[in-house]
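Open the structure in your viewer and keep the selection panel at hand.

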Amino acid sequence: MAILADNTETLQQTANEQGAVPGEPPLRADRVTKEYLNGARVALDNISIDIKENQITALIGPSGCGKTTLLRLMAGLEYPTYGNVMVYGEPVLGPGPERGMVFQAYTSFPWLTVRENVQHGMEIQGVSKDEQRDKADHFLKLVHLDEFANAYPAELSGGMKQRVAIARTLAQGPQLLLLDEPFGALDAQVTWEMEEMAVDIIERESKTVVLVTHDIQEAIYLADRILFFTRQPGKIKADMPMEFKKGRRFAKKEDLLVEPGYVEMEKRLYTMMREEIQGRIG
Ligand SMILES: Nc1ncnc2c1ncn2[C@@H]1O[C@H](COP(=O)(O)OP(=O)(O)OP(=O)(O)O)[C@@H](O)[C@H]1O
Ligand SMILES: [Mg+2]
């Protein structure tokens, strides 16, 4: 508990130091266009969205529709060609401690142990050794890797490596999590376990999450709201709050499958995906 209370304090300080404007959404894209190749490729075309606090927002759509691009703009790894991306009302000028990103590819340092990997970001932030240790213990337990603290990434499975990346990101205390297909490289059963673990962690740690996925069932299971993107140039085709979930999150994936409204939502998303893949925009 102490760790969580400390986190909150640090985050509020960070937000205040950055001059965050009260009442502003955690993330906002305001008429954002992103072009590549001197305008020959339009990855995102005039996108405007507000991400809501404490919600999981899933970005879904066919390959190449700009999902990763939007996440990278929110992370401050790239900049819009036109328009603005804001974090708590302030323009995104680069990466910041209130935003943590997890990529699809495993990103642990092979020469560091699991514990050292988790502590690495905190070390850079100048966190004291004792606090690093406490937080690493807390987050390794949360991702069920406490028994592997002294192992090296090469000794771990793909799912375990991805859990190291998640623990490392969480240990840095970001309020906002930007997840780019975090389970995309894992096999079906591990993915399913990781999705349930993600619900548990996001719920316990009260995070605001933007999740990119191409998996329709994963989007419905994890998200409070789904933004469906059209094929290139990326635009928002539909903004869908998961009303049938009535604000609930489900610890077990199978419990969601029998909820009234689930099948209709799944069918709607498959139909939209087929329309996009076949190039029938509408
Ligand atoms: N650095 C770059 N230079 C040129 N074009 C780029 C660059 N990055 C992305 N693009 C283009 O922008 C478009 C959107 O790419 P993006 O990676 O955001 O798609 P995505 O929705 O994440 O796709 P996927 O589901 O396959 O990951 C694509 O057409 C891609 O080729
Ligand atoms: Mg992508």
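**First stop: a strand pair**

Select Leu-179: Leu-211 in E8 stands opposite Leu-179. Now widen the selection to strand E7 (residues 176–180) and strand E8 (residues 208–212), which pair in the parallel sense over five bridges. Strands (E, at least two residues) and helices (H or I, at least four) are DSSP runs, numbered from the N terminus. Two strands pair if DSSP finds at least two bridges between them.

This is a predicted model: local features need pLDDT of at least 70, side-chain atom pairs count only at pLDDT 80 or more, and totals for chains, interfaces and linings use all residues. Residues are numbered from 1 along each chain as its sequence is written, while chains are lettered from A and ligands numbered from 1 in the order in which they are written.

**The sheet**

Show the open sheet of six strands, in the order E6-E7-E8-E3-E9-E10, with mixed pairing. Strand E6 (99–102) and strand E10 (236–241) stand at the edges; each has a single partner strand, so one side of each is left without a neighbour in the sheet.

**The whole protein**

Zoom out: the protein has nine helices and ten strands. The C-alpha atoms fill a box of roughly 55 × 45 × 35 Å, taken along the principal axes.

**Ligand 1**

Select the 13 residues around ligand 1 (C-beta atom, placed from the backbone, within 6 Å). Tyr-36, Ala-43, Ser-63, Thr-68 and Thr-69 come nearest. Next, colour strand E2 (41–51) and helix H2 (67–75), which each supply at least two residues of the shell. H2 gives the largest share, three residues.
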